[in-house]
Every structure is written in structure tokens, then in C-alpha cells.
Amino acid sequence: MSTPCPSLVAMLNELIASPSISCTRADLDQSNLGVIEKLEGWLSSLGFRTEVMPIPGQPGKANLIATLGTGPGGLVLSGHTDTVPCNPELWNSDPFKLTEKDNRFYGLGTCDMKGFFPIAIEAARKFVDQPLQQPLIILATADEESSMCGARALAEAGKPKARYAIIGEPTSMQPIYMHKGMMMEAVRIQGRAGHSSDPSLGASALEAMRDVLNELVSFRQELQRDFRNSDFKIAEPTMNLGCIHGGDNPNRICARCELEYDLRPLPGMNLENLREDVTRRLTPIAEAHGVILTTEALFPGIPPFANQKDSDLVKMAEKLTGYQAQSVAFGTEAPFLQDLGMDTIVLGPGSIDQAHQPDEYLAFSQIEPTVALLEKMIATYCL
């Protein structure tokens, strides 16, 4: 349904006031349809053809594909509609109300990354009455902060089709051409309880987990020996042993123990191969301790992303921003858009240092330069 498109600040105000938290915890997870409906209405009023794409198996979640113009090629301006959870008691303002202070806009999602949509729409306004030679597509996705089910659904559907894509994550307007992947994995061990005075009465899941920890640390050392990319600030793949739970009393043999860890692979490393390597290395531990050991991916994972330093879009972004393209350790939807055949970069207003923090903000000084930059990108790739 078409809705008159308001000013940039009014759009940002409405988006911040529409909670759209995505979370692996069902009690915190929310729909993003309120945000999608606002964007669809505004873009329809500007003449964009819009498609709201429900996410299979995810009630209350949807992507939006809004297209201005026709033809092959074209440019995608992409962002995610969800935010992480927050702790309102730690904020100095209401996270769901846009607050202007100290030349900044405060609110949950101002930089990560609802703030990108009003900026992209403002840039697009300049072209709504011009005959585009190639389409301009504004893409809004679901659940980037949790499962990335929105980007995965797009990749599976094979759309949108374009030649270039800019993902407006907060990069302080520096073009990003490469990032590490992300895996969140679990190891679960089922042993057998018994009285601690006689170890033969049980099979300790905690004793088995001790060997699992040692094996994972050895695996990490091997990965960091064999894989390195000096374009990253942290040149090696990383593995963080994040949390562990097991047992219930000092005088009882531990019957169950669980570990969750995070692995950040470099470009060129395959997620499934890494999972297979972990399972192969841990299987003998289960046999030695007489326990049942299972491994599980907590979510499908984000593949590493790498564009070519000399790609047309990377070079254009460097020219227009004055910054050399960089790499980052955090993950984005870039590999999924790249899989659709697009020359892809990550480039947007705001700093990742403000993302996922109380008092998240977007500095006023980032807004007009980003609008101007996107106008130049649209003129380059769509006119």
C-alpha cells in the first residue's frame, strides 16, 4: 500500500519506533513486518515496484525487494530490518524513540542498520523521474542478526538479479571488500551419573569434555599455523571457547556436559569441511570415555566473503570515498548476494563500534555525505 514518503528524519523516527528484534531466544524474537510495511509504502509512493517476500517457515518475517526501472544489470542497496536485543535500563534515552543530542541520532538500529534505509531512499528520490538504463533495487532483509534466514531465502530464490550490490552496514563510509565467516557450534556429551566415590559406576561427561577442549585448542593451533591472511587485522582464523555447562554436584559423576564455541574462518576455508574435521577429531574421545558425543551447528553459519581488490565496484568506492578498501572480522550478508552473481561491497554510515551497544547512535556528519555517495553510485550504475 502506497504511503507518502516523509522526510529522512521522519522516516528514521518511524523505523526506530517499530521494534524488530531478531534473536535465537523465542521470547525475545519479534516480527519485522512493521518495518517492511513502512518501507514498502514509502517506496511504492516513489514509483518503485515492490515485492514483499515471506520467509518460508518463519511466520512474521519477510524481505522486501523494491525496484525502480527495468533492464539487465543495475545496483542493489541492501540493508537488514532487524536489530539485536537491548537493555533499556542501560540507555540514557528510550532505545525505541529517536533522540537528537550532541549532533547525533540515538536509538536502537540508528547505525546497525535501520539508518541506512532513509539515507538510501533519500538518494533514490533524485532519480524517480529520470529514465534509468539499469534498475535501482532497494533490498530489505529479515533476521540478519540471528539466522540470516532472509538472505538465505533470497539466495535460494535466485533474486534479486543485478550487477552490483552495496550493503549499508556501519563501516564509517569505508568500503569493505572482504570479511571472515562465522560459525557457532556446540559439542554435547552424554555420560552416565554415579557416586563420585567409585568412578566405575559412571562415565564422566566432564572428563570427556576436558579432552574435547584440549583437542579443539590443538585444532585451533593447526588452523592458525596453516591459514593466514595479512589483509585482516587479526590475520589468522580465531576460535573462541564461549560457554560450558555440566554437572550438578561435586560428589556426583557428571552425566552431561555442553560446550558452545565460535569459529571465524578466513576466505578460502569451507564451513562444512571444518565441521567434518571437528567431528572426526572428537569421535575417538567419545569412544575412549564410553560416552555419547554429538556436534551441532547452532545456526547454518556465515561463509567468508572476498571480492577482488580490482573489481569495478571496489575501485569506484575507493575513488568516491577516498578510502582504500579494507577487511573486517564481523560477518554480513555479502556472501549471499555475491552468490547471486553481484559485484558486492559493504559500505555504510556509522561505526561498528556503536553497534550492539547501549546508546547506539548515528552522527549527523555521516548522513549527507552518504546520501551524496549513493547518488553518485546510482548515477554511475543505473543512468
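Begin by selecting helix H1 (residues 8-16) and helix H3 (residues 116-125), whose axes come within 9 Å and cross at roughly 150 degrees. Axes here are lines fitted to C-alpha atoms, for helices over the stretch in contact, and angles run from 0 to 180 degrees between N-to-C directions. Helices (H or I, at least four residues) and strands (E, at least two) are DSSP runs, numbered from the N terminus. H1 and H3 are therefore roughly antiparallel, a term for angles over 145 degrees. Their crossing is right-handed, that is, the near helix is turned clockwise from the far one by less than a right angle. Display the side chains next: H1 contributes Leu 8, Met 11, Leu 12 and Leu 15 to the contact, and H3 contributes Phe 117, Pro 118, Ile 119, Ile 121, Glu 122 and Arg 125. Contact means heavy atoms within 4.5 Å.

The model is predicted: local features need pLDDT of at least 70 and side-chain atom pairs count only at pLDDT 80 or more, whereas totals for chains, interfaces and linings use all residues. Residues are numbered from 1 along each chain as its sequence is written, and side-chain values use heavy atoms, with hydrogens and water left out.

Two strands pair if DSSP finds at least two bridges between them; E9 and strand E11 (residues 256-264) are joined in the antiparallel sense over eight bridges. Within this pair, Met 183 stands opposite Leu 263 in E11.

Select Ser 204, in the loop between strand E9 (183-190) and helix H5 (205-226). Ser 204 is buried, with a relative accessible area of 18%; buried means under 20% and exposed over 50%, with a 1.4 Å probe and protein chains only. Its side chain reaches the backbone nitrogen of Glu 207 at 3.0 Å. Leaving aside residues up to four places away in sequence, Ser 204 touches Ile 253, Cys 254 and Val 291.

Finish at Arg 225, in helix H5, which is exposed at 61% relative accessibility. The C-alpha atoms of Arg 225 and Glu 236 are separated by 8.1 Å.

Conventions:
Polar contact = N/O pair within 3.5 Å; in protein donor to acceptor, adjacent residues only side chain to side chain. Parallel < 35°, antiparallel > 145°, perpendicular 65-115°, else oblique.
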